[in-house]
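Biologist: Before we use any labels, I would like each one set against its definition. Please show the model.

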Amino acid sequence: MLTTRFCETFGVEHPIAQGGMQWVGRAELVAAVAEAGALGFLTALTQPTPEALDAEIRRCREMTDKPFGVNLTILPSITPPPYDEYRRVIIESGVGVVETAGSNPAEHIPEFHRAGVKVLHKCTSVRHAVKAEEVGADAVSIDGFECAGHPGEDDVPGLVLIPAAARRLSIPMIASGGFADGRGLAAALALGADGVNMGSRFLCTVESPVHRRVKERIVAGTEKDTELIFRSLRNTARVASNTVSRKVVEILDGGGAFPDVRELVAGARGRKVFEEGDLEAGIWSVGLAQGLIDDIPTVREAVDRIVAEAEDLVSRRLPALAGGVRGDAAPPA
Ligand SMILES: Cc1cc2nc3c(=O)[nH]c(=O)nc-3n(C[C@H](O)[C@H](O)[C@H](O)COP(=O)(O)O)c2cc1C
């Protein structure tokens, strides 16, 4: 057992979270993560309305009586979703934890806290993590440059970002971006984190509600098969490399503006990738961790394996090295 402050704060067995994933963070996956002893998040905006989110939370609760949370991603938008309504549903549903992401959670924290909902804020810089602690977040999750989705604009990988954040924070912090195995979990703990948050690894599991071809592409893909799109717009996103994402990079690198790529990056196209398995239909998020993923396990198999491997490293291999018994414990295959 690896028990950290993260486990104690959120009442879960393992120091592992499954971050919100648009079109993916549905009840099937989140309940499986909860049943495996980790902390899963339904993705609020995957549901078309706050009422639909309410129904999804109920559906998840029918599948598990273990704790799970809801991700609320707050991004600037011309026609923003009714965030306050989504927040009300989260509170009234009795879910005990929310993962906020995308912008400063200050506006939402007091109401969550009044209702006893804990806030795990996900961000991409030390500065924003410190701010989140100041405004009352219960824990933070920090996405390094390796991550799927939005890594921010600072390009600092986890190897530096995580210890830099650990030095400045007193609330629990989990490392995110590039974690997919037990070595990553052990490394995160060594760097000062209280656990890991994973997206890509959970995306490629049996219970992940996406087309099998997406999972097979992740298994076939390497750490080199992603693109960073929207760099010039300062809204960088790491997505799978395909004809669409490469075209988007080409247009924007050539001086294009958002309207020139709007149609290519439409959410409906990305959704088609996940639902129909048409890998060239649009853009879809995946991180560098793709290079560490070479199977499609059940969520429980993935979590058990990661924890066992990390425990072995922490309790056997590393102490053996410290004791000078080199070679006594082989590294995991
Ligand atoms: C398909 C997919 C969709 C995602 N959608 C969201 C989202 O809507 N909101 C969010 O906060 N993070 C989102 N993320 C980011 C993950 O929650 C997590 O921070 C990230 O995947 C960690 O990096 P990793 O993939 O290397 O584990 C998404 C990731 C993936 C793979």
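Biologist: What covers the buried residues of H7?

Modeller: The cover includes helix H6 (126-134), strand S6 (139-143), strand S7 (173-176) and helix H8 (182-190). Helices (H or I, at least four residues) and strands (E, at least two) are DSSP runs, numbered from the N terminus. This is a predicted model: local features need pLDDT of at least 70, side-chain atom pairs count only at pLDDT 80 or more, and totals for chains, interfaces and linings use all residues. Residues are numbered from 1 along each chain as its sequence is written.

Biologist: Which residues of helix H7 are called buried?

Modeller: In H7 (residues 158-166) they are Gly158, Leu161, Ile162 and Ala165. Buried means that 20 or more other C-beta atoms, placed from the backbone, lie within 10 Å of the residue's own.

Biologist: Why are the buried residues of H7 said to line one face of the helix?

Modeller: Seen down the axis of H7, they fall within an arc of 95°, so they line one face. The arc is that of the directions from the helix axis to the C-beta atoms.

Biologist: What makes you place the ligand between the domains?

Modeller: Domain 1 (5-210 + 296-322) and domain 2 (212-289) both give residues to the shell around the ligand, so the ligand lies between them. The domain bounds come from an automatic or database domain assignment.

Biologist: How many residues surround the ligand?

Modeller: The shell has 29 residues, with Gly19, Ala101, Gly199, Ser200 and Gly287 the closest. A residue counts as near if its C-beta atom, placed from the backbone, lies within 6 Å of the molecule. Helix H9 gives the most to this shell, with 3 residues.

Definitions and conventions
A residue is buried if 20 or more other C-beta atoms lie within 10 Å of its own, exposed if 12 or fewer, and partly exposed in between; C-beta atoms are placed from the backbone. Two residues are in contact if their C-beta atoms, placed from the backbone, lie within 7 Å.
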